[in-house]
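Dear colleague,

I am handing over the structure we spoke about, with the sequence alongside.

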Amino acid sequence: MRSLLDKDFLLETETAVQLYEKNAKCCPIIDFHNHLNPREIYEDRRYDNLSQAWLGGDHYKWRAMRAWGVPEEQVTGTAGDYEKFLAWADTVSHAIGNPLYHWTHLELMRYFGIFRPLSAASAGEIWQEANEKLKSPQYSVRSLLKMQGVKVLCTTDDPIDSLEYHRKLREEGFEIQVLPTFRPEKAIGIEKEGFGTYMEQLGEAAGMELTRAADVMRALEKRLDYFVEAGCRVSDHSLENGFYLPASEEEVTAIYRKRLAGAALTKAECAGYHGFLLSELGKKYAKRGLVMQLHIGALRNNSTRLLHQLGPDAGGDGMADFNYAPQLSALLDSMDRTDELPRTVLYYLNSRDAEMLSVMAGCFAGNGQGIRGKVQPGSAWWFCDHKEGMERQLKAFASAGMLPVMIGMLTDSRSFLSFPRHEYFRRILCNLLGSWVEKGEYPRDLKMLGQIVEGICGRNAESYFRF
């Protein structure tokens, strides 16, 4: 019987071990999608304790704690940091089969050198040991990033953001690239509360009045150029409902003005507005050499009680099951027909869409620039971000496409302790490749396999995003 998370954790064959140890383990981390705070990086924040570093803003952990019956007071409420930590320790010790168990212990091992399982019984001792290290300058936010070999990270930013701290980090010459991501979700979400107020803010940021569709696009383009000047190489969009119907600029202007006048819009009108902006923005991305990320399938704020109590991104989001293949095909084609489709990454939240997106990506992968995997499915996202979900995503990509062009893993995290998730993915990748070799499905060509692993674990992303 093997010990908990030993050196060959998740590696079941000799080939897998060799690929991980020789090729995957030492690859620098290119984390091209996360929700980290650039101000905390610039100011080199130091956490007072493990609870602050682990539990603040982490709705993955909050959901598990609620499921274990922890009162909200000890999840997001006014309970003390140690009380919250004890509640988490008790929760995670019972999280058998949940990736949170593995992530938590990888983080204890890789950052703090703590190899004991976390539980209610061990919590006090681990709290003291980790907190002593967090007091040291060697455990500041920047040092935590360096510990894991992070080379590039892309935060998620609104078009009206000043990008003050990205610019300061670049001017300072910080050795890790901290780049902004252009996420115009509030400008596209015409059906959402606060849309009118946000458009006023966008107009102020762009220095213009937004009275028609062309104005909205011009304002977004001006802000996009501001982001590009600050180092932006990627955009991000969340597609959660009807996101594409063909609509002319005149039709979209009418829809936009109708919404600003306070009238309710139909689903078709919303989809027309969404699709127009997505398609036009995609063409702007292509012109500037940016990557377009499409995260598809979240069902937001299912618990209105939780939303009213805590606001969004508090653990109330779920997985949608709408059929969107025709819309996605039409959206991609609206850009591709004029050869203005940017490099595009497609993420599914419902695992049933794994094969569909892998096949869809292949329909639009052709290009005259020799870009490998120009359109490709992204790594297993959010509720699929676990061992079985990653394996399914990798197998679907390999079955319907070319797995060696994959741009690899990302954390999608708000925590500076989350980077061992890359190790988790790398072990799963090496194990899958090793299993195919051991079954005689691929030759044991360690040089070729090593090149594939190193590409997926970093080199492909560097080339794809042009970092």
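Predicted model: local features only at pLDDT ≥ 70, side-chain atom pairs only at ≥ 80, totals over all residues.

Residues are numbered from 1 along each chain as its sequence is written, and side-chain values use heavy atoms, with hydrogens and water left out.

The five-stranded sheet

An open sheet of five strands runs in the order E4-E5-E6-E9-E10, with parallel pairing; helices (H or I, at least four residues) and strands (E, at least two) are DSSP runs numbered from the N terminus, and two strands count as paired if DSSP finds at least two bridges between them. Its edges are formed by strand E4 (181-182) and E10, each of which has a single partner strand, so one side of each is left without a neighbour in the sheet. H15 packs on this sheet, where it touches E4, E5 and E6, and its direction makes about 165° with that of E5. Helix H18 (residues 354-363) also packs on the sheet, touching E9 and E10, with its direction at about 170° to that of E9. The angles run from 0 to 180 degrees between N-to-C directions, the axes being lines fitted to C-alpha atoms, for helices over the stretch in contact, and contact means heavy atoms within 4.5 Å.

Strand E5 (residues 234-239) is joined to E6 by six bridges, the two running parallel, and Val234 stands opposite Val291 in E6. On the other hand, strand E6 (residues 291-296) is joined by six bridges to E9, again in parallel, with Val291 opposite Arg343 and Ile296 opposite Tyr348. Three bridges then connect E9 in parallel to strand E10 (residues 375-377), where Val345 stands opposite Gln376 and Leu346 has Pro377 as its bridge partner.

How enclosed is E6 by the rest of the structure? Six of the six residues of E6 are buried, so this strand is largely enclosed; buried here means under 20% relative accessible area, exposed over 50% and partly exposed in between, with a 1.4 Å probe and protein chains only. In a regular strand the side chains alternate between the two faces of the sheet. In E6, Val291, Gln293 and His295 point one way and Met292, Leu294 and Ile296 the other, and all are buried. Strand E9 (residues 343-348) is likewise mostly covered, with six of its six residues buried: Arg343, Val345 and Tyr347 point one way, and Thr344, Leu346 and Tyr348 the other.

The three-stranded sheet

A further open sheet has three strands in the order E1-E2-E3, with parallel pairing. Strand E1 (29-31) and strand E3 (177-179) are its edge strands, each pairing on one side only, and the twist averages 5° from one strand to the next. Three bridges join E1 to strand E2 (residues 150-154) in parallel, and the bridge partner of Asp31 in E2 is Leu153.

The H13 and H15 pair

Helix H13 (residues 213-229) and helix H15 (residues 267-288) pack at an angle of about 35°, with their axes 11 Å apart. The residues of this contact divide into eleven nonpolar, no polar and five charged, where Ala, Val, Leu, Ile, Met, Phe, Trp, Tyr, Cys and Pro count as nonpolar, Asp, Glu, Lys and Arg as charged, and the others, Gly among them, as polar.

Cysteines and Asp81

The count comes to zero disulfides, a disulfide being a pair of cysteine sulfur atoms within 2.5 Å. Cys26 is in no disulfide, the nearest cysteine sulfur, that of Cys27, being 7.7 Å away, and Cys26 is exposed at 67% relative accessibility. Cys457, by contrast, is buried at 7%, and its sulfur is 5.0 Å from the closest cysteine sulfur, in Cys27, which is too far for a bond.

Finally, Asp81 is found in helix H6 (residues 81-93) and is partly exposed, with a relative accessible area of 29%. Leaving aside neighbours within four places in sequence, Asp81 is in contact with Asn49, Ser51, Gln52 and Trp127.

With best wishes
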